[in-house]
Amino acid sequence: MAGLNGDPFLGIDDNIEKLQYNNNSKEAIDKEGLVVGIGEDSSNNKNNNQGGEKDMAGNSIHRSGSRPQLDLSKAEIQGNSEERDPTILLPNQTDDISHLALDIGGSLIKLVYFSRHEDQSVDDKRKKIVKERLGISNGNRRNFPVLGGRLHFVKFETSKLNECLDFISSKQLHRGGIDSHHWNSEAPANENAVIKATGGGAYKFADLFKERLGVSIDKEDEMDCLVAGANFLLKAIRHEAFTHMEGHKEFVQIDHNDLFPYLLVNIGSGVSIIKVDGDGKFQRVSGTNVGGGTYWGLGRLLTKCNNFDELLELSQRGDNRTIDMLVGDIYGGMDYSKIGLSASTIASSFGKAISDKKELQDYRPEDISLSLLRMISYNIGQISYLNALRFGLKRIFFGGFFIRGHAYTMDTISFAVHFWSKGEAQAMFLRHEGFLGAVGAFMSYQKHGLDDLMVHHLVERFPMGAPYTGGKIHGPPLGDLNEKISWMEKFVLKGTEITAPVPMAPPGTTGLGGFEVPSSRGATLRSDASALNVGVLHLVPTLEVFPLLADPKMYEPNTIDLSDHKELEYWFTVLSGHLPDLVDKAVASEGGTDDAKRRGDAFARAFSAHLARLMEEPAAYGKLGLANLLELREECLREFQFLDAYRSIKQRENEASLAVLPDLLLELDHMDEETRLLTLIEGVLAANIFDWGSRACVDFYHKGTIIEIYRMSRNKMQRPWRVDDFDLFKERMLGSEGKKPRPHKRALLFVDNSGADIVLGMLPLARELLRRGTEVVLVANSLPALNDVTAMEVPDIVAEAAKHCDILRRAAEAGGLLVDAMNNNSLDGSRGNSSSVPLMVVENGCGSPCIDLRQVSSELAAAAKHADLVILEGMGRALHTNFNARFKCEALKLAMVKNQRLAEKLIKGKIYDCVCRYEPAT
Amino acid sequence: MDHLAHVSNQPNSQPQSQISHLALDIGGSLIKLVYFCRYDDNCRDDDELRSQNESLGSESDNSRPVLGGKLHFAKFETSKINDCLEFIHSMKLHLGGFHDCTAPSSDKIFIKATGGGAYKFADLFKEKLGVSLDKEDEMECLVTGANFLLKAVHQEAFTYLDGQKEFAQIDPNDLYPYLLVNIGSGVSMIKVDGDGKFERVSGTSLGGGTFWGLGRLLTKCKNFDELLELSHQGNNRVIDMLVGDIYGGTDYAKIGLSATTIASSFGKAISDNKGLVDYKPEDISRSLLRMISNNIGQISYLNALRFGLKRIFFAGFFIRGHAYTMDTISVAVNFWSKGEAEAMFLRHEGFLGALGAFMSYEKQCLDGLTVNKIPQRFPISVSSAGNKIYCSMNGKSNDNESIECTVYRT
């Protein structure tokens, strides 16, 4: 079973599950077939009755404690507190802990529920040692630490309440979820169970919930919830708010300290307009009864559509001019320019239906839908603006289920706000628009510790099922991976036309004057695109902002902005081209079994679908950078349980490189200091050629042995490099005119690939730093990504290298990397080793070839405390991301550019050009 | 339809008219006519007029001949413009236009007209009646018409709340600024600061045309008045989602919403499995009327608030003295302003533009007319066919909605 080396610290990787198909869940397969899928992935389902539950009661509360309504009073740790995953006794905990909150509106039920990360902590001595070395102790960051987990967003139609109840019941959400027996496995049905709910239905259906699920509904005030939800989302999610004008979506960075006051317009069945002044400080200042219910209600009567989405979709093909009376209709085609109304301004919605002899059936439903949509959106925009004006509010956030990411609706509202405010006010939208109330209800649970959750604690994922149905459910949930694969197969069969990439037309421009037809109508945006904007929020409370960033607020990890469509197209092609090879590798890594092949196919489909989706709407999952795209691929692999596609390749290359390391070290040790430093840097650059992420390099590998390629590559290193700050760096390291500069205290080396890259490139450089008395921390990925080396693998590599090198050995011992050796030594009472500065390894918190320094592991953050040098190596970490990042300490960015386009774009150079960028502390 | 037919019968009922003057407001759905008919026998003498003029401070030239007569008001559906042309022709109203003073040789006759149709149908008028339309700006006409009515006509403005109609005394010296909301096919909101001083500050496309258009599609009613009449008997709760529907019958008192507040217009049409045929046209009409009236009231109030205007006058053909419409608008203004602002209505609500166009003759150098601003002596009827049935607007409705007045011939 492959699943156990996922890293629990991160919690990203919890799709791990038993592969055995569980007969008990057969009934959960959707008989209707296709439209199953929810905003969640497979791991939190109960289909393990074969002893597959990996860690239940025993090691439940690992450096974490509470979820909603945990009574932590008199909590104590049982046994030795140094013990891994100590059990915490909660003697006063009585109630069931609900992981669920509801917003039951007039037309839709919104669910937000929490599932815990499965905490499959492996026995990881490295971590414990790192903690000791870096002085991290459990729970010193929060009073009661938050549990890592995931927030899921799901919706149902209120008229299909039973489906919702079935869903809750099947996932046992009303009992605190599948994993609730962490707390109370002995008391499955507690009569005191309470679910927080808001919306009118919380009153209306309270009895039904009691009857069907045996839970009481604890009613939360609707406005309170809306505001709490909006505040949480705006503060906690980086790319939550965006503007949408003329088909163009742009994410807005909201400064948390400058959020209030704002106007919140929630468009549900009706519309509430709320002025928000702070947390819990708000006032409903207005509203209108012309809202989503009006659109749907009138739309149903006029078009016979069966649901909201169908009606919305119709509008995309509509032409409202056949039914609305335009200024031009009244003025015989002329503008009424004196008051700024163009001929195409709508003078009277549905006004043409007056004078014509036509009857209802003579109008196209498409036209009716569009006319309705424009009438209502425009009206809401206008009333909202007038209220914003009244209170002097510049920002208006629109939320609620009427919008559902529908481009045309957003354009119309934006246009109205822009038009009436003469550009002074701006309409903004929220990606989780429909879930404000439900999130707010969830937030109303006491003591869940989420209140002070920060942006960097949250990672959003888009597993299959979630993006494709927008959390909408028409059947039982996807039970396990097998069902998910089946669903993917069916989905792709059915939905090829949905996932096929479509060429993007440059958005047309709208005219001035009245409300023209915004450009995103029609082919540019498809209705299926509308609801896909909500993923699963992973709460990873251990993530932190990298403390050495010079200006975290201004920091943008991505160097390449994929909002440039040509750029996106290029990377789309690159990734698509790379896909078959990757699938082969992945399948091989899992033994090439039929099951692996099937998963490989599903992965390929899923990733292609994601790509197609993003080609169509680059902002579908939030602001899109290359780093996000690369990470998405890794996430997608993990989703289909390919935990380490390059495992065997990495192993092979590590072995081959380690075999030649002693020769290299010997060669280096015969050089003078200056030559050695240059050779080391050349070595890092040269070794960086070993990169399975680069197609150009993969072709090399068949041409020679590792050391041959390495030497050839190094010999070709002709200075000056394309970006060459070596002399600056050398001066800092060696000084000039005989003055010896003080060595660095601690260097963080962000390593890239396995094999030659780390062994022949970074390790020798680390060794040089150690020799000079600088502590070295090797920073590696938490989870596998391509052939990148992981923090789990580095200690073994170091241990192997240490066999041939005294410097490395003593440093590794000092850093606790050679655990066994150290134990032996301490038995011997040997103290000689402590004289060396330590070599340590920390994980970075990522599972991607790139790194977003806003979200790094807490151990990296701790390690950064005393660091005065950061070395970023490789394309992913030094070029694709962080090329422009500024640090509080000195930084060295080293990479070989193994992509022609990137070389041109970034450094105006050619493929295989090198970057050695040295930046003093800022 | 019925009242239009009635109006077009007027030539027979008024054979005494001799000199006629005409102005038009050709809107998207209705054509409004204002025309002046002189009495056969001048019932007033000049002295009386003169004293009135003095008291009103209007400058009048004693030497000008004075004509007594009545301003008549008529309307046609724009789609039936031929009826209108025929009416004008039969009344010989088009002959009462004016000749262009700058081109004395020309025998062109001009008629003042406003509204989009003044552009759209200019050729048709030329062809059928041989007259040219002299186009006046729509907003200007609206404002001029409103200012005239508010200043000159006694008991023109009134409030309407809970079925209670109350005439407002408007001090002509304390009229400005006010918000004029003209609800035609669409809605224009105009801030009026004085004679000829105004700005269109807002508007909405949810207006009379929307009520009628959607209403036609949903109920198959043949005309606006029929639809309005239907709404009288309707119950919107059948189709609107009320706060109580969402909250299981209870109020959402915390934010001041009672159980009967409409949360979502037509919101109940969502969840039911009913189709269009299952809803009574009466209920649909009622729901539609409330939706639109309420919305107009709200947007109007927000605009009044924005400019600190206490008085909002609603006019335009959407209202047509319909009690429930006025009630809804008043309630909306009252609700959102928490009683601070007041909705007021005009008895000649539909004819502001046409009146304004008529007034614009005054500005012409030749052969124009001056309407003498005299207080009304006789009750006038603002009635339309709909009024008679369910609006207690004015007990003594006359057959035609005329203003008695005099004009000077220059």
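Contact here means heavy atoms within 4.5 Å. Keep that in mind for the views below, which all come from a predicted model.

**View 1. Where chain A and chain B touch.** On one side of this interface, 63 residues of chain A are in contact with 66 residues of chain B. Three residues to look for are Asn289(A), Leu301(A) and Ile354(A): they supply 13% of what chain A buries against chain B, more than any other three residues.

**View 2. A seven-stranded sheet in chain A.** This one is an open sheet with mixed pairing, and its strands follow the order 9-8-16-15-10-11-12. Strand 9 (248–251) and strand 12 (281–288) of chain A sit at the edges with a single partner strand each, so one side of each has no neighbour in the sheet. On average, neighbouring strands are turned by 30° against each other, direction ignored.

**View 3. Strands 10 and 11 of chain A, side by side.** Zoom in on strand 10 (residues 262–267) and strand 11 (residues 271–278) of chain A, and you'll find an antiparallel pair joined by six bridges. To get your bearings, find Leu263(A), which stands opposite Lys275(A) in strand 11 of chain A.

**View 4. A helix laid across the strands.** Helix 11 (residues 365–391) of chain A lies across strand 10, strand 11, strand 12 and strand 15 (395–399) of chain A. Against strand 12 of chain A, helix 11 runs at about 140°.

**View 5. Helix 11 of chain A again, now with helix 7.** Helix 7 (residues 292–303) of chain A packs against helix 11 of chain A at an angle of about 160°, and their axes are 10 Å apart. The two helices are therefore roughly antiparallel to each other, and their crossing is right-handed. Residues of helix 7 that take part include Tyr295(A), Leu298(A) and Leu302(A), while those of helix 11 include Ile368(A), Leu372(A) and Ile376(A). By class, this contact has eight nonpolar, four polar and no charged residues.

**View 6. Helices 20 and 22 of chain A.** Here the axes of helix 20 (residues 673–687) and helix 22 (residues 706–715) of chain A come within 9 Å and cross at roughly 120°. That makes the pair oblique to each other, in a right-handed crossing. Thr679(A), Glu682(A), Gly683(A), Ala686(A) and Ala687(A) in helix 20 meet Tyr710(A), Ser713(A) and Arg714(A) in helix 22. The residues of this contact divide into three nonpolar, three polar and two charged.

Note on methods. Residues are numbered from 1 along each chain as its sequence is written. Chains are lettered from A and ligands numbered from 1 in the order in which they are written. This is a predicted model: local features need pLDDT of at least 70, side-chain atom pairs count only at pLDDT 80 or more; totals for chains, interfaces and linings use all residues. Side-chain values use heavy atoms; hydrogens and water are left out. Axes are lines fitted to C-alpha atoms, for helices over the stretch in contact, and angles run from 0 to 180 degrees between N-to-C directions. Helices (H or I, at least four residues) and strands (E, at least two) are DSSP runs, numbered from the N terminus. Angles under 35 degrees count as roughly parallel, over 145 as roughly antiparallel, 65 to 115 as roughly perpendicular and the rest as oblique. A crossing is left-handed if the near helix is turned anticlockwise from the far one by less than a right angle, and right-handed if clockwise. Ala, Val, Leu, Ile, Met, Phe, Trp, Tyr, Cys and Pro count as nonpolar, Asp, Glu, Lys and Arg as charged, and the others, Gly among them, as polar. Two strands pair if DSSP finds at least two bridges between them. Buried area is the accessible area (1.4 Å probe) that two parts lose on being put together, summed over both.
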